Amino acid sequence: MGPLFLPMIRSVSKFISFTILLLFGLACTSFTATEAYDPLDPSGNITIKWDIISWTPDGYVAVVTIYNFQKYRHIQAPGWSLGWTWAKKEVIWNMVGGQATEQGDCSKFKTTIPHCCKKNPTVVDLLPGTPYNQQITNCCKGGVLTSWVQDPANAVGSFQLSVGQAGTTNKTVRAPKNFTLNAPGPGYTCGRANIVKPTKFVTPDKRRVTQAMMTWNVTCTYSQFLAQKTPTCCVSLSSFYNDTVVPCPACSCGCQSNATHPGSCVEPDSPYLASVVSASSKNSYMPLVRCTNHMCPIRVHWHVKLNYKEYWRVKVTVTNFNYRMNYSDWNLVVQHPNFDNLTQSFSFNYKSITPYATINDTAMLWGLKFYNDLLMQAGPLGNVQSELLFRKDQATFTFDKGWAFPRRIYFNGDNCVMPPPDAYPWLPNSGFRQYTSLLTLIMTSLSTAALMYVHA
């Protein structure tokens with residue numbers, strides 16, 4: 001019977017090997033699809049809505065709206081830039097609330113010259129102070145969009161464009177493709193445009209509702225791995241009960257390499273500091289940081305400051321080591337189990353973002369308007385700080401084993417490098433000293449007994 005089952009066994013073995021390879025391949029492809037997933041903001045994205053509001057003799061007029069549905073990741077200056085590729089030979093006749101960065105080759109047009117003739121245009125927002133006849137609702141913010149939690153009203157941007165040489169009905173018009181979003185640098189991946197239910201618009205007097213002729217939706221998701229090759233922030237720790245100050249891990253965001261790459265960092269006492277900073281490109285996204293052991297543009301320091309009978313207090317300090325960047329509307333996201341009993345945040349705004357439904361262990365912190373919402377560039381003013389007061393939960397509270405320190409910290413949506421848990425400041429352990437002295441006493445007694453036995 002053995003030889004009869006041999007071919008069957010070989011077939012089963014081949015099938016199992018094929019199944020394993022197939023599952024491995026699927027797993028590998030799934031990594032690229034899920035690398036943008038953020039466990040603290042699983043549904044966060046930027047949604048682009050393309051509403052055709054009217055038809056023209058050779059195309060249509062559309063309003064494009066950008067919604068930042070991310071809880072704590074915002075788009076800072078110099079703002080967003082949106083690109084796409086036309087499906088046909090479309091041109092942009094004119095725009096309101098935005099502009100194409102390049103006009104392209106419009107030489108075939110003799111009378112009326114389009115605003116943009118490029119096959120793959122890139123559009124940016126207009127600046128504040130734009131004349132009213134060139135504005136529409138939610139435009140002209142310089143491309144800056146706040147996060148949804150901080151300020152939903154300013155998390156939306158819009159522009160209007162008149163498209164020519166396009167379809168003039170729902171059946172002949174074609175959606176743009178290959179959408180790209182820079183905010184302001186890379187990091188976002190956009191999907192294809194999908195036809196959705198037409199958007200409805202309410203008139204200012206709220207007495208009439210109009211409807212778009214057609215609506216496309218594009219969803220863009222963020223990946224920190226695509227945005228930059230190295231982290232952008234790190235965390236240091238200290239406490240009142242231990243003299244140890246745990247610094248950011250060495251080379252958290254890179255290592256000093258002035259010997260091989262001059263200009264990678266600047267010493268704060270350098271006589272050439274002012275000239276180097278002023279000569280640096282204002283549009284460069286590469287940070288020019290102070291020379292440190294961690295080489296991060298941002299350091300977040302968590303200090304366990306005081307212990308009361310029913311409360312305990314923490315001081316949080318955010319320091320900017322980047323000479324090229326002022327961080328406006330910055331924010332922190334901190335994960336710690338005692339945020340369900342936060343009593344007061346003294347000079348930061350606070351909101352719970354509860355990514356795990358009923359578990360309230362994640363807080364979003366950001367500066368007070370016109371007080372500390374601007375984190376200045378590296379220097380004497382390049383820091384913001386606040387204190388947090390927590391009520392103790394006697395069932396869980398402890399200073400032992402690093403419990404008082406955060407589990408995770410994000411700055412402006414990017415995950416910061418934490419020190420290793422075994423480096424956290426620990427409570428002075430009297431039990432350990434007692435154990436050591438007891439062990440010493442036992443060893444001494446055994447040694448004494450052995451010597452007495454030898455000399456007996």
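**The loop between S6 and S7, and what lies beyond**

Tutor: Cys-140 lies in the loop between strand S6 (122-125) and strand S7 (156-164). The model is a predicted one, and the angles and distances below are computed from it. Phi of Cys-140 is near 65°, a positive value in a residue that is not glycine. Most residues other than glycine have a negative phi, and most peptide bonds are trans. Cys-140 counts as buried because its relative accessibility is 8%, and the limit for that class is under 20%.

Strand S7 leads on to a second case. Gln-165 sits in the loop between S7 and S8, and it too is not a glycine but has a positive phi, of about 55°. Is Gln-165 buried or partly exposed? With a relative accessible area of 29%, Gln-165 is partly exposed.

Lys-177 has a relative accessible area of 44%, so it is classed as partly exposed. On the surface, Lys-177 gathers with Lys-89, Lys-108 and Lys-119 in a patch of positive charge.

The loop between S8 and strand S9 (188-190) holds Pro-184, and the peptide bond from Ala-183 to Pro-184 is cis, with omega near -15°. Another cis bond runs from Ala-77 to Pro-78, with omega near 10°. Pro-78 is in the loop between strand S2 (59-68) and strand S3 (81-85).

Next come the charged pairs. Side chains of opposite charge can pair when their charged atoms come close. How many salt bridges are there? The count comes to five. In one of them, the side chains of Arg-73 and Asp-38 meet at 3.6 Å, N to O. This pair links distant parts of the chain, 35 residues apart: Arg-73 is in the loop between S2 and S3, and Asp-38 is in the loop between helix H1 (2-34) and strand S1 (46-56). Arg-73 and Asp-38 are buried.

Glu-387 and Lys-305 form a salt bridge at 2.5 Å, N to O. Glu-387 in strand S26 (residues 383-391) and Lys-305 in strand S18 (residues 298-307) are 82 residues apart, so the pair links distant parts of the chain. Glu-387 is buried at 16% relative accessibility, whereas Lys-305 is partly exposed at 30%. Lys-305 and Glu-387 are also linked with Arg-313 in a network of salt bridges.

The side chains of Arg-391 and Glu-310 meet in a salt bridge of 3.7 Å, N to O. Arg-391 lies in strand S26 and Glu-310 in the loop between S18 and strand S19 (311-320), so this pair ties together parts that are 81 residues apart in sequence. Arg-391 is partly exposed at 37% relative accessibility, and Glu-310 is partly exposed with a relative accessible area of 41%.

Two further residues complete the tour. Arg-290 is in strand S17 (residues 289-290) and is partly exposed, at 21% relative accessible area. The C-alpha atoms of Arg-290 and Asn-320 are separated by 9.2 Å, although the residues are 30 apart along the chain. Ser-345 is in strand S22 (residues 342-345) and is buried, at 17%. A polar atom of the Ser-345 side chain lies 2.9 Å from the backbone oxygen of Phe-348.

Notes:
Residues are numbered from 1 along each chain as its sequence is written. This is a predicted model: local features need pLDDT of at least 70, side-chain atom pairs count only at pLDDT 80 or more; totals for chains, interfaces and linings use all residues. Side-chain values use heavy atoms; hydrogens and water are left out. Patches are made of residues with over 30% relative accessible area and no salt bridge: like charges are joined within 9 Å, nonpolar side chains (Val, Leu, Ile, Met, Phe, Trp, Tyr) within 5 Å. Accessible areas come from the Shrake-Rupley method with a 1.4 Å probe; for residues, only the protein chains shown count as cover. A salt bridge is a side-chain nitrogen of Lys or Arg within 4 Å of a carboxyl oxygen of Asp or Glu. Lys and Arg count as positive and Asp and Glu as negative; His and the chain ends are not counted. The place of a charge is taken as NZ of Lys, CZ of Arg, CG of Asp or CD of Glu. Buried means under 20% relative accessible area, exposed over 50%, partly exposed in between (1.4 Å probe, protein chains only). Helices (H or I, at least four residues) and strands (E, at least two) are DSSP runs, numbered from the N terminus. A polar contact is a pair of N or O atoms within 3.5 Å; within protein, one must be able to donate a hydrogen and the other to accept it, and residues adjacent in sequence count only if both atoms are side-chain atoms.
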